[in-house]
Amino acid sequence: METTKVKLSELQIHPLVLKIKQYQPNQFMTFSMKNFGQKTNVIVVLRNGVYYIIDGGCRYYAAIEAGNIDALNCNVLNIPDSEILDTRITYNLKTKVHLSEKCMNIEHMLNLMGNNQGKRNDILGMNNINDEDEFGTAGRDRFEIACMQSGLEFSGRTLRKLMAVHDYEKTDNSLGLIEGIDNGTYKIDAAYRLMLSSRDKDGKKEARNKRKIEALNTDVWFKVFEQSSVDLSNLKKYRPQFAAFSPTYWGMKEYRNQGEMEYGQEPTLQEYLENSRKFIDALMDIMDENGVVVIIIGESYAGGYKSIITQYEMMLLEAGLEVIGKCPWIKSNSTPVILKDFFRTVDETILVCKMKGAEVNFNPEMKKTKEGKKMVKKSHKAKDGSERYFVQDEETVVSNVIITPVVNDSEYKKYDPEFTHDAPAPMAVYERFVDSYTLPGMTCIDIHCGAGQGLEVFARKGCNAIGVDIDPVSVEFCNKRMKMVLGERNETELQQAA
Ligand SMILES: C[S@@+](CC[C@H](N)C(=O)[O-])C[C@H]1O[C@@H](n2cnc3c(N)ncnc32)[C@H](O)[C@@H]1O
């Protein structure tokens with residue numbers, strides 16, 4: 001092999017190469033050739049005074065386009081035509097550098113090495129990634145030069161996305177995004193979007209963990225009011241962000257001390273719904289504008305199906321609440337009455353509502369996926385037939401179906417074995433919604449607090465708890481219970497501090 005400088009006019013692409021490769025104009029290569037000159041020799045064979053290129057055609061065309069180069073440095077090989085294509089492959093293999101290595105070279109070129117994340121973001125203009133003209137302190141030129149010198153045929157904007165993916169994979173490369181770009185599975189844009197989605201999921205996970213710690217450490221208070229919840233105006237100053245309402249069902253049990261209204265014992269369903277509306281109006285009047293209201297409601301089959309839940313929902317909409325969704329609550333061990341011409345009914349309904357236009361804080365409870373790890377999965381193909389992908393986290397949002405046993409009396413009897421209540425709801429039901437819709441430090445209200453099942457959950461999740469009930473026996477019990485709960489919480493805190 002000899003090295004020589006050959007005029008452009010004496011160079012041609014070898015016809016065997018032209019059969020397997022079509023050359024496209026390459027503006028990056030041209031730019032690089034024009035500004036930095038030739039970096040790598042072209043590989044040629046000599047036939048009858050003409051130098052035929054077998055590797056380096058792009059550099060040859062770029063040199064012509066550049067206009068300021070009249071000759072190229074060439075390695076002249078002495079090989080027969082039968083070896084030309086094999087030799088070309090060997091040269092190509094030698095020059096294939098893994099993308100992760102290119103990314104590291106670019107870090108060096110852009111002066112990113114050793115800089116902290118904030119500085120890196122400044123250099124790359126990451127804080128304005130959607131701005132087409134923002135290239136950070138590195139500037140557009142350096143981005144484009146870095147692309148060219150690394151043999152990457154794309155714009156500075158795309159490079160910025162590539163570097164964001166590269167940065168992310170330093171702490172979490174479980175998705176293999178750079179590898180996927182290198183082997184052609186993902187375009188850089190797609191990998192970047194997958195990275196954003198993965199980062200978003202990491203953030204939510206972090207928030208959930210933080211929430212658990214804060215729930216234990218936040219100071220909370222409670223107040224229990226013995227009054228009818230048809231007028232809550234004295235509680236307006238608290239502006240609760242979360243409310244639970246488990247109304248007495250229509251035509252079912254008779255509770256003690258129910259006041260004049262005797263809610264649930266109305267002669268007609270219409271009157272029951274009208275009274276229900278009074279509670280909702282009173283509640284909406286005191287709620288925070290981004291408040292969430294969770295209502296546990298059951299159907300009645302006495303004398304036939306009554307569509308109570310449907311009518312209740314309509315009443316809520318008329319009152320101005322927005323229904324976010326419905327959760328069927330299945331009691332796994334209930335012993336319901338046998339109905340004529342119908343199955344055993346073991347479900348009640350939980351309506352999750354919000355104040356009109358509210359921006360709801362939703363950090364749902366999660367469960368492990370069957371794969372149990374974060375991964376990229378294929379979704380449906382795009383309209384143009386190309387593959388699409390999404391990030392599946394190791395956890396996924398739980399379903400809207402809640403399955404619990406009926407309440408276990410010991411949940412409240414441990415505070416006073418003498419206390420009885422006709423219809424407490426299991427704490428697990430409250431936990432699902434308080435976990436998902438509140439943050440520590442928020443204020444929550446239960447406007448039919450009964451045995452205080454909800455109040456205890458509020459406090460244990462780091463929220464201030466307000467309870468309202470018309471029955472003085474329940475109110476006295478809730479006060480006693482909550483003092484003990486808060487005492488216990490403080491004791492745990494002290495133990496942790498010690
Ligand atoms: C189904 S229970 C709620 C039980 C509660 N969710 C628990 O887990 O203990 C209904 C409660 O509403 C209360 N109640 C009935 N009418 C009321 C009214 N007008 N104002 C406030 N509370 C009322 C009853 O005293 C009863 O404790």
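Let's start where domain 2 meets domain 3: 6 residues of domain 2 are in contact with 5 residues of domain 3, where contact means C-beta atoms, placed from the backbone, within 7 Å. On the domain 2 side, those residues divide into 2 nonpolar, no polar and 4 charged. For the classes, Ala, Val, Leu, Ile, Met, Phe, Trp, Tyr, Cys and Pro count as nonpolar, Asp, Glu, Lys and Arg as charged, and the others, Gly among them, as polar. The C-alpha centres of these two domains lie 47 Å apart.

A quick word on the model. It is predicted, with local features needing pLDDT of at least 70 and side-chain atom pairs counting only at pLDDT 80 or more, while totals for chains, interfaces and linings use all residues. Residues are numbered from 1 along each chain as its sequence is written.

The protein is divided into domain 1 (2-95), domain 2 (99-215) and domain 3 (220-366 + 398-497), with bounds from an automatic or database domain assignment.

So how does the radius of gyration of the protein compare with that of a compact globule of 498 residues? The protein has 35 Å, whereas the globule would be near 23 Å; the radius is taken over C-alpha atoms, and the globule rule is 2.2 Å times the number of residues to the power 0.38. Along the principal axes, the C-alpha atoms fill a box of roughly 115 × 60 × 35 Å.

Now, the inside. Of the 498 residues, 32% count as buried, meaning 20 or more other C-beta atoms within 10 Å of the residue's own, again placed from the backbone. The largest nonpolar core has 60 residues, and Leu283, Val293 and Ala465 have the most contacts inside it. Such a core is a set of buried Ala, Val, Leu, Ile, Met, Phe, Trp, Tyr and Cys residues joined through C-beta atoms within 7 Å. Strand β8 (residues 292-297) gives the most to this core, with 6 residues; strands here are DSSP runs of E, at least two residues, and helices are runs of H or I, at least four, numbered from the N terminus. A second, separate core of 30 residues includes Leu124 and Met163.

Finally, the ligand. Around it sit 25 residues, the closest being Pro424, His448, Gly450, Ala451 and Gln453, with a C-beta cut-off, placed from the backbone, of within 6 Å. That shell divides into 11 nonpolar, 12 polar and 2 charged residues. Both α15 (453-460) and β17 (464-469) supply at least two residues of it.

Notes. Buried ≥ 20, exposed ≤ 12 C-beta atoms within 10 Å, placed from the backbone. Contact = placed C-beta atoms within 7 Å.
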